[in-house]
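Subject: Structure for your review

Dear colleague,

Please find the structure below, together with its sequence.

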Amino acid sequence: MLQIPTPDGRADAFAAFPDHGERHPGVLMYADGFGLRPVLREMARELAEHGYYVLVPNPFYRHGPAPVIELPEHIGEEARTAVFAELMPLIEAHTTERILSDADAYLRFLTTRAEVSAGPVAVTGYCIGGLLAMRTAAAHPGQVAAVAGFHGPVSTGGPDSLRDLLSTLTARVHLGHAESDLTPEALGELNQALDAAGVDHTSEIYPGTVHGFTMSDTDAFDPSALQHHWDRLLPLLGRTLTDS
């Protein structure tokens, strides 16, 4: 566990990286709305095994260290409503200004770690973290070479918001949507916007999935969809961060 200096304090964070000596490409990983917890640490460790330094900050650090609220070991449907009742004020308080300020701090910290190699980084995120990842990539076009978002509300702000988000984006993009989150028609509109902005992307609905499909501590978890996520994410990172 680490502490990241920010303009509003210190954000607690988890880092995972290979135990051999050389430096590794950096990846900033944003948690879903439930925040930094054991399942995110597991995912960071799995990604690190492929040769990356993975940093997972607590997005709600202004409200306390992770876990900011008490979470059950398994977040089932019965617990979900009560958990989100506590989380929504935290999510709503996480304004665009805070997102961008934190992104600056996280990337500054990530890229100055002794274990992180020089060169571009990648950003990935889940649920609301997918939107944070896209905003981070758009705000750092010279630094973020790849961005991936999974079951994230990337297009919920409407056409104008999406146009603003994509106008400065230079990273390669993969978006993996839950079938319950996005209709084929909405996917078509999103992909048209990505095409119009000249964004190098893949964007698809993962069949048979519901929101949260990557998270093994929830009822939404789909093991085959999680594997599909790795099958998309790892080649994206390989092409952008490790290919010479």
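Arg62 is partly exposed, with a relative accessible area of 23%; buried means under 20%, exposed over 50% and partly exposed in between, computed with a 1.4 Å probe on protein chains only. This is a predicted model, in which local features need pLDDT of at least 70 and side-chain atom pairs count only at pLDDT 80 or more, whereas totals for chains, interfaces and linings use all residues. Residues are numbered from 1 along each chain as its sequence is written, and side-chain values use heavy atoms, with hydrogens and water left out.

Salt bridges

Arg62 forms a salt bridge with Asp102, and the closest N and O atoms of the two are 2.9 Å apart. The term denotes a side-chain nitrogen of Lys or Arg within 4 Å of a carboxyl oxygen of Asp or Glu. Arg62 belongs to the loop between strand 4 and helix 2 (77–93) and Asp102 to helix 3, so the pair ties together parts that are 40 residues apart in sequence. Helices (H or I, at least four residues) and strands (E, at least two) are DSSP runs, numbered from the N terminus. Asp102 is buried, at a relative accessible area of 1%.

A search of the whole structure finds seven salt bridges. One of them joins Arg172 and Asp200, with 3.4 Å between the closest N and O atoms. Arg172 is in strand 7 (residues 172–178) and Asp200 in the loop between helix 6 (184–196) and strand 8 (201–206), so this pair ties together parts that are 28 residues apart in sequence. Arg172 is partly exposed at 31% relative accessibility, and Asp200 is partly exposed at 45%.

Aromatic pairs and a charge over a ring

The structure holds five aromatic pairs. Rings of Phe, Tyr and Trp (its six-membered ring) pair if their centres lie within 6.5 Å; planes under 30 degrees apart count as stacked, over 60 as edge-to-face and the rest as tilted. Phe17 and Tyr53 form a stacked pair, at 5.0 Å centre to centre and with 10° between the planes. Phe17 lies in the loop between strand 2 (9–16) and strand 3 (26–30), and Tyr53 lies in strand 4 (residues 53–57), so the pair ties together parts that are 36 residues apart in sequence. Phe17 is partly exposed at 37% relative accessibility, whereas Tyr53 is buried at 1%. The ring centres of Tyr206 and Phe213 are 5.1 Å apart and their planes are at 35°, so that pair is tilted. Tyr206 is buried at 1% relative accessibility, and Phe213 is buried at 0%.

Arg41 lies over the face of Phe14, at 5.9 Å from the ring centre. The criterion is NZ of Lys or CZ of Arg within 6 Å of the ring centre and within 35 degrees of the ring normal.

Nonpolar cores

The largest nonpolar core has 40 residues, and those with the most contacts inside it are Leu28, Tyr30, Leu55, Leu110, Met134 and Leu169. Such a core is a set of buried Ala, Val, Leu, Ile, Met, Phe, Trp, Tyr and Cys residues joined through side-chain atoms within 4.5 Å. Helix 3 (residues 96–111) gives the most to this core, with six residues. Leaving aside residues up to four places away in sequence, Leu55 touches a set of residues including Leu2, Ile4, Phe14, Leu28, Tyr106 and Leu110, where contact means heavy atoms within 4.5 Å. A second, separate core of 32 residues includes Ala16, Met43, Tyr52 and Ala148.

Six of the eight residues of strand 2 are buried, so strand 2 is largely enclosed by the rest of the structure. Strand 1 (residues 2–6) and strand 2 are antiparallel, paired over five bridges; strands pair if DSSP finds at least two bridges between them. A hairpin of two residues joins strand 1 to strand 2, and Gln3 has Asp12 as its bridge partner in strand 2. Strand 2 also pairs with strand 4, in the antiparallel sense over four bridges, with Ala13 opposite Pro57 in strand 4.

The buried residues of helix 1 (residues 38–48) are Val39, Leu40, Arg41, Met43, Ala44, Leu47 and Ala48. Their cover includes strand 2, strand 3, strand 4, strand 5 (121–126) and helix 7 (223–242).

Yours sincerely
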